[in-house]
Amino acid sequence: MSIHKLLFLLLGPLLLAWPAAAQAPAPTAAAATTLAPKKQLQALRIAEAIKLDAALDEPAWQQAPIATDFIQNRPNPGPPERHKTEVRILYDDANLYIGAVMHDVSPDSIMRELAARDNFGNTDFFGVFLDTYQDKLNGYGFFVTPGGVQMDARYSPAGGEDFNWNAVWDSRTALRGTDWVAELRIPYSAIRFSAQPEQHWGLNFMRQRKKENQGFFWNEVKPAIDGFVNQWGTLEGIRDIKPPLRLSLTPYVSGYVNHNPLNAEGTRRTTTSFNGGADVKWGINESFTLDATLVPDFGQVQSDNQVLNLSPFEVQFNENRQFFTEGTELFNKGNLFYSRRVGATPIGFYDVQAADNEKIIRNPAETRLLNATKVSGRTKKGLGIGLFNALSNDVYATIQNKETGAERQVLTQPFSNYNIAVLDQSLKNNSYVSLINTNVTRFGRTYDANVTGGLWRFANKKNSYAIDGRVVYSRRRGNVFGSDAQIDDQNGYKYRVSVGKISGSFTWNLSHGIESDHYNPNDLGILFGNNNISQELYMSYNKYKPFWKVNNFYSWWGVAHSLLYAPTQYQNANVYGGWNTTFTKQFLTTGMNFDANPVTRDYYEPRQYPLGKYWVRLPANVNVGGFISSDYRKKLALDVNGGIRVYEEDGRLPRPRRAGYGVSVSPRYRVNNKLNFRYSVDWNLSRNQIGYVNGGMDGNEPEDQPFLNDVVLGRRNVVTVSSVLQAGYTFTNRMSLTIRTRHYTSNVRYKDFARLTPGGEEELIDYRRNRDNTYNAFNVDAVYSWWFAPGSQISVVWKNAGTNFLEANQATPLYFDNLNNTINTPHNNSLSVKILYYLDYLAVRPKRS
């Protein structure tokens, strides 16, 4: 393909959209960035009981003021809804009641696929949003579908829309003629608000009509305006309610049967365990809540996606433990908290060694937590305060003498305390200032770590421009674990400042930052590489209203540049861009992206510290990618994306040109409103990649001995295939079964080897050891979940996991050989049952006569 055709493919849609933007009259552009007038709704106090049945037949519902005349937000922002939505709000001393009637054409127009909790699926929904402190930054969202499936979320500048948050509330839905009706009861214990005699809350409602892929808001939400909570209306009329005593206990019991055929000889391969503990929630006052988990059990969380890691950086895994995903928006400010550090692999796990006459019979790969506690909330003046603390016990590896059977213990993780403190002050105009401190204290002769950061964001009154930034200081003191050597990165810092236009069709952002060579937040945070000076200009142009044959158009482009901080040397630069759009009739979403990079210096790949002396030279390269996503309303939908990266030929050595290719195909099929299947396969090929020989040199290998003091790079082909099959059957809106199967294989085939010398030069060497390898991982996670009462659950989980690592002549690049190999490898199997029961003090306390 010629460069002219490539440029047309990349920039053609942008050029088509530009004239339409230029012809748009100025008043329309100004209106798109002006906040809509704030609507108001009066809540009605009731004395009689409300039966939650989606009938709305109590007289109070007819007396309450109506919120209607919703405004479309997507796909065409601005027009009023044609099929009316009517919402009313009632309240008493304990609950907020929301009754909503969604008028439609016919029952067939109301999409109602069932899904597990917090999953929307292919369905209509109704949602209510509450900003109980009216700070225009933080809020709650409660959603329900025609099938009765519940979702809830928190909204904040740090967490965006966070569906990991869960509250205990109730709802009922029903189809009534051509309408569907939702009735929600939200207890005051599920939210936080001040003790003022009269409440003034931010309020909005949302309706989705999946049949037309339309979304509507009661108070108009304009996509060209930065922010979401700041575009809500207000709820008035709530008086003389008191924040209740928010006290709940959720005890659990769990039992496990685990079979591991790889356990050492002489040890039991089938084991059982029984656990018990509890989660506690206590509303300290109207603003702050304490969440604690006592003797937590995370054995049922989804298995990690294990991968072969050839990079110099660690693999970042998703957090699947509910305690660490729910209500953590304050602690995630500044991205200084990587929750997987709590209960992570012991710091001495990889250093355990056995003598010739010994064997390792136990080396725990996880640190068991004793407890974890969160205190968080926000005052009526907008000050958010968060405190997090967790304790983990000593962890020991067990080594046994082969001759005598005597055992000795090796400490791999000392008793540790993890702590986070956050202050976050909300300001006018969607602005804030924050202070965050993270601390890890380990007992015994090792090191402690402390990180302190300040963040700020100031926007102008029109919310059109903003400046933001952060300054972070890291401090570590003590010895390297298991050594008398002092920790070497004792003090470090990071800062970043940016300024930009944040609202409108055209936005931009200019940023600059530094991470010093000793900056290290990784004891409780995550950072892949420090020692950087970086700057970037980012721009975007979006069209939110339909034109031509598309619903919208989003585009972005920018330029970035970075230097090594110490010594100050060139590292990389790149130009990037992309666009995506959705076609009006087919709801087919498509887009493309590109980036172009001149010669890059990779200072991390050689694994030589301090950085700066050695680097791997990457030739100039260009990447082009694209994707197509079909209409999810259809029974069969398909996502496809792919990309290609081509490199300039590196004439320093007689090597073939490098290249990278990737393709992902993800079909999904909905059999009916209860059963669905999803499959995804990702294939990636790196051809003639140059990288550090994984595993390094081994002094016990004769072929390695001449190169022990060298940095050896290999030219290799790396093929990685990952496939995931998921099936879900939802029996009712409170009962579901999901099965997820994943197979991952990565093959590394070396072609030749070179010695890296200072200054990025390479020279071919006669290195004979076969370093080919194949890594396979296979997982099955089957989960049956039944919410038998609000907040109470029974879950049955089966896990099957197996991995193997093949080296040299055993490694094979053939996919089906690897699949067969993996399936036939002995697997670890675990079957568990866990019962949670939610106890609310307000519900179980003795009734006063």
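UniProt positions are given here in the numbering used for this structure, feature names are shortened, and annotations may be inferred rather than shown by experiment. The model is predicted: local features need pLDDT of at least 70, side-chain atom pairs count only at pLDDT 80 or more, and totals for chains, interfaces and linings use all residues. Residues are numbered from 1 along each chain as its sequence is written, and side-chain values use heavy atoms, with hydrogens and water left out.

I begin with the annotated region. The unreviewed UniProt entry places the feature "domain: Carbohydrate-binding" at residues 53-209. Over residues 53-209 the chain is 3% helix and 45% strand, where helices (H or I, at least four residues) and strands (E, at least two) are DSSP runs numbered from the N terminus. The end C-alpha atoms of that stretch are 22 Å apart.

Is Asn401 buried or exposed? At 16% relative accessibility, Asn401 counts as buried; buried means under 20% relative accessible area, exposed over 50%, and partly exposed in between, with a 1.4 Å probe and protein chains only. A polar atom of the Asn401 side chain lies 2.8 Å from the backbone nitrogen of Glu403, and the Asn401 side chain also reaches the backbone nitrogen of Thr404 at 3.0 Å. Leaving aside neighbours within four places in sequence, Asn401 is in contact (heavy atoms within 4.5 Å) with Asn357, Glu358 and Ala406.

Finally, Leu427. Strand S23, residues 416-427, contains Leu427. Leu427 is partly exposed, with a relative accessible area of 31%.

Conventions: A polar contact is a pair of N or O atoms within 3.5 Å; within protein, one must be able to donate a hydrogen and the other to accept it, and residues adjacent in sequence count only if both atoms are side-chain atoms.
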